[in-house]
Amino acid sequence: MKHHDKTHIWARTKRFLADPDLEPHHLAWSFAMGFAIAWNPLLGTHTGLVVMICALAKKLHRPLAFLGAFTNNPWTMVPMATGSALFGNILLGRGLHLDLSGVVWKSIGWQSVSTREGFEAAAAMLKPILAPYLLGGFVMSALALPVGYFLMLRLAHRMRSPKIQPPSGD
């Protein structure tokens with residue numbers, strides 16, 4: 001990729017955020033909804049939730065909602081899930097100690113969700129961390145909504161403000 005291609009992508013992003021036909025608060029709500037969905041602890045539901053939210057709220061900007069939701073991706077999933085579980089542990093008064101020693105990650109697979117026995121075995125194994133993970137994830141999701149909104153609103157307004165021109169040499 002050439003250097004001007006990178007600048008072109010950034011220039012397109014800036015033009016998009018500065019588009020006068022798109023209200024800053026709609027851009028902010030779009031990203032915030034997606035960002036809140038990203039913290040939703042129910043894995044596998046993110047894309048469906050974005051599609052449903054965008055279908056129900058017509059003024060949301062779908063690409064920005066997806067961008068927010070896909071902040072939870074294969075590279076960020078483990079840190080986000082760990083953060084959710086630790087936060088849930090703190091909320092439950094258990095401190096920062098999260099015991100994962102009983103979890104055999106390799107044993108979790110298709111049988112964990114496709115058979116009753118597999119599901120029960122996975123649920124029993126994950127039980128010590130399930131409550132903190134779910135609680136932390138849902139609380140983080142609720143907190144992500146205002147954080148995502150105000151960050152994107154600030155960015156949209158910043159992209160729309162006129163640039164300060166350096167003084168001319170007259």
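Which residue forms a salt bridge with Glu 120, and how far apart are the closest N and O atoms? The partner is Arg 116, and the closest N and O atoms are 3.0 Å apart, where a salt bridge is a side-chain nitrogen of Lys or Arg within 4 Å of a carboxyl oxygen of Asp or Glu. The structure is a predicted model, in which local features need pLDDT of at least 70 and side-chain atom pairs count only at pLDDT 80 or more, while totals for chains, interfaces and linings use all residues. Residues are numbered from 1 along each chain as its sequence is written, and side-chain values use heavy atoms, with hydrogens and water left out.

**Fold and burial**

- The secondary structure comes to seven helices and zero strands, helices (H or I, at least four residues) and strands (E, at least two) being DSSP runs numbered from the N terminus.
- Read along the sequence, the pattern is therefore written α-α-α-α-α-α-α.
- Of the 170 residues in the chain, 29% are buried, where buried means under 20% relative accessible area, exposed over 50% and partly exposed in between, for a 1.4 Å probe and protein chains only.
- Among contacts (heavy atoms within 4.5 Å) between residues at least 6 apart in sequence, 72% join residues at least 24 apart.
- Leu 143, which is found in helix 7, is partly exposed with a relative accessible area of 44%, and its C-alpha atom is separated by 7.5 Å from that of Ala 36, 107 residues apart along the chain.

**The salt bridge**

- The count under the salt-bridge rule comes to one.
- Glu 120 and Arg 116 are four residues apart in helix 7, so they are separated by about one helical turn.
- Glu 120 counts as partly exposed at 43% relative accessibility, whereas Arg 116 is exposed, with a relative accessible area of 63%.

**Aromatic pairs**

- The structure holds four aromatic pairs, a pair being rings of Phe, Tyr and Trp (its six-membered ring) with centres within 6.5 Å, and planes under 30 degrees apart counting as stacked, over 60 as edge-to-face and the rest as tilted.
- One of the pairs joins Phe 31 and Phe 35, which is stacked because the ring centres are 5.7 Å apart and the planes lie at 15°.
- Both Phe 31 and Phe 35 lie in helix 2 (residues 24-38), four residues apart, about one turn of the helix, and both are buried.
- The rings of Phe 66 and Phe 70 have their centres 5.5 Å apart and their planes at 40°, so this pair is tilted.
- Phe 66 is partly exposed at 23% relative accessibility, and Phe 70 is also partly exposed, with a relative accessible area of 41%.
- Trp 29, Tyr 149 and Phe 150 are linked into a cluster by ring pairs.

**The largest pocket**

- The largest pocket has a volume of about 740 Å³; on a 1 Å grid over the protein atoms alone, a pocket is an open set of points with protein on both sides within 12 Å along at least five of seven lines, and a cavity is a set where a 1.4 Å probe fits but cannot get out, lining residues having an atom within 4 Å of a point.
- Grid points are joined across faces, edges and corners, and a volume is the space filled by probe spheres set on the points.
- The lining of the largest pocket consists of 21 residues, of which Leu 43, Trp 105, Ile 108, Leu 126 and Tyr 133 lie nearest its centre.
- Two or more lining residues come from each of helix 5 (77-91), helix 6 (111-114) and helix 7 (116-160), and helix 7 gives the most, with eight residues.
- By class, this lining divides into 18 nonpolar, three polar and no charged residues, where Ala, Val, Leu, Ile, Met, Phe, Trp, Tyr, Cys and Pro count as nonpolar, Asp, Glu, Lys and Arg as charged, and the others, Gly among them, as polar.

**The cavity and Ser 84**

- The structure holds one cavity of 30 Å³ or more, and about 70 Å³ of space lies in the largest cavity.
- Residues lining the largest cavity include Trp 39, Leu 43, Met 80, Ser 84 and Tyr 133, and helix 5 gives the most to this lining, with four residues.
- The lining of the largest cavity divides into eight nonpolar, three polar and no charged residues.
- Ser 84 lies in helix 5 and is buried, with a relative accessible area of 3%.
- Not counting residues up to four places away in sequence, Ser 84 touches Trp 39, Pro 132, Tyr 133, Gly 136, Gly 137 and Met 140.
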